[in-house]
Amino acid sequence: MLDLIINGYTYNVPTNWDEVTLGQWIAMADHAEHLDHIALLSVFTGLSVEVLANLPCDQVKTELVPELTFVGQAIDLFECPRPEVVTLGGKELVRIDDPGRERFGQRLYMQQLISAAMERNGDHWQLVAPTLACYYAPQLHPEGKWDDRHVKAVQALVYDMPVVHAYPEAAFFLSGYVVYRKPKASS
């Protein structure tokens, strides 16, 4: 991470894929067509493009731009290994290795989630956070139970996970529901 100070506030800007959160990666994917350096800094800092574009040059470190070259390096999130430890909200959770042994409510929730995504022809990354929240919510629930109302709160925590952990973890759970198509190679 690189610290970027703007108007007295410090922003942590990732310098490699391991430091990019799921939320940041989704924002990058959603804006891929218009992702210049200012838009990228907007994703990483949460500041608007307008604010960043109008900052005096001396307020933005020029040495920051070379640190963002990792974004141009391809990453295959399906090739990333599942993390040994799942961390959500600062808590280390027991990794789930057999979703079939989880709760019936989770199974129904997942079926509804997948059906809704298929109906709207949703993108795969839209399933990552709700999938992980569905399966890991009981470990964060005060009573240790699965409650679909609690899933939304846990989903917000998932967006702060490193994308290189969240994506392969979700792909593991989704493999029983979704068949992935690899993008065709450009000619």
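Predicted model: local features only at pLDDT ≥ 70, side-chain atom pairs only at ≥ 80, totals over all residues.
The chain comprises 8 helices and 4 strands. Starting at the N terminus, these elements are arranged in the order β-β-α-α-α-α-β-β-α-α-α-α. The C-alpha trace extends over about 55 × 50 × 30 Å along its principal axes. Among contacts with a separation of 6 or more, 69% link residues 24 or more positions apart.

The chain has 187 residues, of which 40% count as buried. Its accessible surface amounts to about 11,200 Å², and carbon and sulfur atoms contribute 52% of this area. With regard to charge, 14 side chains are positive and 24 are negative; the centres of the two sets are separated by 11 Å.

The structure contains 6 salt bridges. One of these pairs Asp-147 with Arg-149, with a distance of 2.9 Å between the closest N and O atoms. Asp-147 is buried, because its relative accessible area of 13% falls under the 20% cut-off. Arg-149, by contrast, is exposed at 66% relative accessibility. Salt bridges with shared partners also connect Arg-82, Arg-95, Asp-97 and Glu-169 into one network. Within this group, the side chains of Arg-95 and Asp-97 form a salt bridge with an N to O distance of 2.9 Å. Arg-95 is partly exposed, with a relative accessibility of 22%, and Asp-97 is likewise partly exposed, with a relative accessible area of 47%.

A further salt bridge joins Glu-143 and Lys-145, whose closest N and O atoms lie 3.6 Å apart. Glu-143 is exposed, with a relative accessible area of 60%, whereas Lys-145 is partly exposed at 36% relative accessibility.

Methods. Residues numbered from 1 in each chain as written. Heavy atoms only, no water. Helix = DSSP H or I, 4+ residues; strand = E, 2+ residues; numbered from the N terminus. Buried < 20%, exposed > 50% of the residue type's maximum accessible area, 1.4 Å probe, protein only. Contact = heavy atoms within 4.5 Å. Areas by Shrake-Rupley, 256 points an atom, 1.4 Å probe, with all protein chains shown as cover. Lys, Arg positive; Asp, Glu negative; His and termini not counted. Charge placed at Lys NZ, Arg CZ, Asp CG, Glu CD. Salt bridge = Lys/Arg side-chain N within 4 Å of Asp/Glu carboxyl O.
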